[in-house]
Amino acid sequence: MRTRYVFPVLTIASALALSGCVNNSEPAPSGGASGSSDAVDVKKNDSIAAALPDKIKSAGVLNVGMANNYPPNEFKDDNGAPAGWSVDLTNALGKVLGVKVNFDIGTFDNILPAVKAGKDDMGMSSFTDTVEREKQVDFVNYYSAGIQWAGPKGKTVDPKNACGLKVAVQATTYEDTHEVPAKSKACTDAGKPAITIFRYDAQDQATNALVVGQVDAMSADSPVTLYAISKTKDKLQTAGDAFEVAPYGIPVAKGSDFTPVLQKALQALIDDGSYNKILAKWGVEAGGIKKADLNVAAKG
């Protein structure tokens, strides 16, 4: 649940030079972590591709803004190439549309401005579809994710009773800007100790901080937390159940002619089973959807 709005936090900890307990270049659970959608055999859909805007059709390239530091959604493989289930899904969309995919790797904060300005045709970086964001861009919804906390193996951590704990988050995510600060405010309003928020530039740094005991817990999107736990060799466990389930959306310029084309391409992948195969490859089927909808947040 990434967000590009950065609000003040109670405590800011700089990224630590921690031991390599978790690595963004680690392979996928199935053993493959390439940037290609090799989990599925996807063919071009001529009727959908024919409706592409002339700019994309003539270039033969789909420019996609991405911040590749959020495994297993989007990260770097051993060769530094984009990898993750959202990368596989984007490549599959490119095949349906009959175009090459160019991942424009940069910082998360720059993706929406690049999409609005037309520099990128779309973004793909675990954006939570919110009413506030829908004022800037349109969203093709492609997944549902909740918030999932993790704690040390064998230690009980309750997200509903976390006053006084040190909690790691990736900077600028929803967990950083909204969820954990709200929990901390509830603590102080009740006369209890605040939650100390440790912010890190990358998710693997936040996970490492928990593994080595720098913090008491971490909060991230459910697929991110579950993947991190799988990579820590039984050092971490889930803390409570997932909550605040919300839609992920692919941001596209407001009112773009590309939006309905992208929606149809995604629905085609859902209908032929390719979408589910990609999610299954990464073990994130729980958040799969059956309908590629638009701007779900505004619909309530």
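I take a residue as buried when its relative accessible area is under 20%. With that cut-off, Cys 187, at 5% relative accessibility, counts as buried. The model I am reading is predicted.

**Entry 1. The disulfide**

I looked for disulfides and found one in the structure. It joins Cys 163 and Cys 187, with the sulfur atoms 2.0 Å apart. I then checked the torsion about the S-S bond of Cys 163 and Cys 187, which is about -90 degrees, so I logged the disulfide as left-handed. Cys 163 sits in the loop between strand 6 and strand 7, while Cys 187 belongs to helix 6, so the pair ties together parts 24 residues apart in sequence. Cys 187 is buried, whereas Cys 163, at 24% relative accessibility, counts as partly exposed.

I traced an open sheet of five strands in the order 8-7-9-6-10, and its pairing is mixed. Strand 8 (196–200) and strand 10 (236–253) are the edges, each pairing on one side only. From one strand to the next I have an average twist of 25 degrees.

How many bridges pair strand 6 with strand 10? I have 13, in the antiparallel sense, with strand 6 covering residues 137–152. As a reference point in this pairing I noted Ala 145, whose bridge partner in strand 10 is Ala 246.

Next I looked at what packs on the sheet. Helix 6 (residues 174–189) does, and it touches strand 6, strand 7 (166–170), strand 8, strand 9 (217–221) and strand 10. The direction of helix 6 makes about 50 degrees with that of strand 6.

**Entry 2. Val 169**

I picked Val 169, which is found in strand 7. Val 169 counts as buried, because its relative accessibility is 0%. Leaving out residues up to four places away in sequence, I listed its contacts: Glu 175, Asp 176, Val 180, Ile 197, Phe 198, Arg 199, Tyr 200, Ala 206 and Ser 219. I also looked up the C-alpha separation of Val 169 and Ala 217, which is 9.0 Å, for residues 48 apart along the chain.

**Entry 3. Helix 7**

Is helix 7 (residues 203–211) mostly covered or mostly open? Mostly covered: eight of its nine residues are buried. I wrote down the buried ones as Gln 203, Asp 204, Ala 206, Thr 207, Asn 208, Ala 209, Leu 210 and Val 211. The elements that cover them include strand 6, strand 7, strand 8, strand 9, helix 8 (222–230) and strand 10. After helix 7 comes Gly 213, with a positive phi near 85 degrees.

**Entry 4. Helix 3 against helix 9**

I took the pair formed by helix 3 (residues 85–97) and helix 9 (residues 258–271). Their packing angle is about 105 degrees and their axes are 9 Å apart. Angles of 65 to 115 degrees count as roughly perpendicular, and helix 3 and helix 9 are therefore roughly perpendicular to each other. On the helix 3 side I found Leu 89, Ala 92, Leu 93, Val 96 and Leu 97. They meet Phe 258, Val 261, Leu 262, Ala 265, Leu 266 and Leu 269 of helix 9. Sorted by class, this contact has eleven nonpolar residues, no polar and no charged ones.

**Entry 5. Pairings of strand 1**

I followed strand 1 (residues 61–66) to its partners. Strand 1 and strand 4 (residues 100–105) run parallel and are joined by six bridges. Within strand 4, Ile 105 is the bridge partner of Met 66. Strand 1 also pairs with strand 5 (residues 122–123), in the parallel sense, over two bridges. There, Val 64 has Met 122 as its bridge partner.

**Entry 6. Backbone exceptions**

Most residues other than glycine have a negative phi, and most peptide bonds are trans. I went through the cases that depart from this.

- The peptide bond from Pro 71 to Pro 72 is cis, with omega near 5 degrees; Pro 72 is in the loop between strand 1 and strand 2 (75–76).
- Ser 126 is not a glycine but has a positive phi of about 60 degrees. I placed Ser 126 in the loop between strand 5 and helix 5 (131–134), and it counts as buried at 0% relative accessibility.
- Asp 234, also not a glycine, has a positive phi of about 65 degrees. Asp 234 lies in the loop between helix 8 and strand 10, and at 61% relative accessibility it counts as exposed.

Key:
Residues are numbered from 1 along each chain as its sequence is written. This is a predicted model: local features need pLDDT of at least 70, side-chain atom pairs count only at pLDDT 80 or more; totals for chains, interfaces and linings use all residues. Side-chain values use heavy atoms; hydrogens and water are left out. Axes are lines fitted to C-alpha atoms, for helices over the stretch in contact, and angles run from 0 to 180 degrees between N-to-C directions. Helices (H or I, at least four residues) and strands (E, at least two) are DSSP runs, numbered from the N terminus. Angles under 35 degrees count as roughly parallel, over 145 as roughly antiparallel, 65 to 115 as roughly perpendicular and the rest as oblique. Contact means heavy atoms within 4.5 Å. Ala, Val, Leu, Ile, Met, Phe, Trp, Tyr, Cys and Pro count as nonpolar, Asp, Glu, Lys and Arg as charged, and the others, Gly among them, as polar. Two strands pair if DSSP finds at least two bridges between them. A disulfide is a pair of cysteine sulfur atoms within 2.5 Å. Buried means under 20% relative accessible area, exposed over 50%, partly exposed in between (1.4 Å probe, protein chains only).
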